[in-house]
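Please read this briefing with the structure open beside it.

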Amino acid sequence: MASSLARTALRTAARRAPRALPAVSRPAQAASYSLLAKAAAAKSAQCATASGTRGVKTLDFAGTKEVVYERSDWPLAKLQDYFKNDTLALIGYGSQGHGQGLNARDNGLNVIVGVRKDGESWKQAMEDGWVPGENLFPIEEAINKGTIIMNLLSDAAQSQTWNSIAPLITKGKTLYFSHGFSVVFKDDTHVVPPKDVDVILVAPKGSGRTVRTLFKEGRGINSSIAVWQDVTGKAKEKAIALGVAVGSGYLYETTFEKEVYSDLYGERGVLMGAIQGLFLAQYQVLRKNGHTPSEAFNETVEEATQSLYPLIGQKGMDYMFNACSTTARRGALDWAPVFEKANLPIFEQLYESVKNGTETRKSLEFNGRATYREDLNKELEVINNQEIWRAGKTVRSLRPDYKPESE
């Protein structure tokens, strides 16, 4: 695809795009959620495509009606009152623990963090303002103090620590996950929740870093919610409220099984695994046919991520196709079915590998190794040293908004 495609796409998109509104400055920190809730409520009142009351909507997703919950139903005062007698014990301080914990704390809830004392996560939590003996504790102590136990350890760590954690999750507590992995694949993880507690899930559709960033920007991330076990009769309501507390803007109902199947499938597919494979295959063919590294990278990655994919995110695939040249559009329409036919068997194989637990067992074996970090770094270094990504570093340095990676 010639470089003129990028220019054509941008010009056409600019003509089709609505006039931009004046920029609005945002506070550096989201210290109060109540203003965001008011804005969301106003937006909800103006929405003509949805039916329902307050923050609950029934929306039409390509002919299928689904209920969507939004944070406008949980203004800050209501949220704080709902959890006034609860202590959220956040176990683990990785990506999701960091984002969800800080958001819930900023929303005025009583949050404590439980991690291994003096480990890396302990030090990170202290840097983020968690105070030992006040709201930062060893794991066992945090669980004993908490009423809602938010198990945000890695999947492998959840399996490895379950025997010591399980006896501490006593009757009346709530067990919270952000991934259905451990509970759904219990035959492999041996994570079987006690029968006398609510078991719920809030799964943000993004990394913990994104959960935090969108919250601070006043936007909120989309999340899935699910109930595995409802002892109190209020598990679903609790999941929705916690979803809002940790920074969700909209919440979609699912099941533990569907959440983990779609999550593992998507990560191995177009979100990460497949896209790396497609990028690499296209780049290699271009290089074998005499194209320079810069040209091969620009035609494979740079135009995709900087010009075309953002258009898909804004208004969909047809919008992106319409924003491109007639030649590019014709070729894309002709070759899309070819790629679909070639890849469909691979995606079917992938989904079955997820559903039958093969991917779970691979993950637990690798991520549970004593040499996990060293082994992972070796594989990532292979990707880092691939010519496509070495060329990409130089291409990125030419962007007008480039900042050195050390900054």
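**Helix packing and selected residues**

Helix α12 passes helix α16 in a right-handed crossing (left-handed if the near helix is turned anticlockwise from the far one by less than a right angle, right-handed if clockwise). Helices (H or I, at least four residues) and strands (E, at least two) are DSSP runs, numbered from the N terminus. This is a predicted model, in which local features need pLDDT of at least 70, side-chain atom pairs count only at pLDDT 80 or more, and totals for chains, interfaces and linings use all residues. Residues are numbered from 1 along each chain as its sequence is written, and side-chain values use heavy atoms, with hydrogens and water left out.

**Helix pairs**

- Helix α12 (residues 256-268) and helix α16 (residues 326-355) pack at an angle of about 135 degrees, and their axes are 9 Å apart; axes are lines fitted to C-alpha atoms, for helices over the stretch in contact, and angles run from 0 to 180 degrees between N-to-C directions.
- That angle makes α12 oblique to α16 (under 35 degrees counts as roughly parallel, over 145 as roughly antiparallel, 65 to 115 as roughly perpendicular and the rest as oblique).
- Among the residues making the contact are Val-260 and Tyr-261 of α12 and Phe-347 and Leu-350 of α16; contact means heavy atoms within 4.5 Å.
- Helix α4 (residues 95-106) and helix α10 (residues 208-216) pack at an angle of about 25 degrees, with axes 6 Å apart.
- α4 and α10 are therefore roughly parallel to each other.

**Helix α13**

- Helix α13 (residues 273-288) has 16 residues and reaches 23 Å from its first C-alpha to its last, close to the 22 Å expected at 1.5 Å a residue; the expected span is 1.5 Å times one less than the number of residues.
- Its buried residues are Gln-276, Phe-279, Leu-280, Tyr-283 and Leu-286 (buried means under 20% relative accessible area, exposed over 50%, partly exposed in between, with a 1.4 Å probe and protein chains only).
- Seen down the axis of α13, these buried residues fall within an arc of 130 degrees, so they line one face of the helix; the arc is that of the directions from the helix axis to the C-beta atoms.
- The buried residues of α13 pack against α14 (293-315), α18 (372-384) and α19 (387-397).
- Ala-281 also lies in α13 and counts as partly exposed, at 37% relative accessibility.

**Loop residues with positive phi**

- Ala-62, in the loop between β1 (56-61) and β2 (64-70), has a phi near 55 degrees.
- Ala-62 is exposed, with a relative accessible area of 86%.
- His-190 has a positive phi of about 65 degrees although it is not a glycine, and lies in the loop between α9 (186-189) and β8 (198-204).
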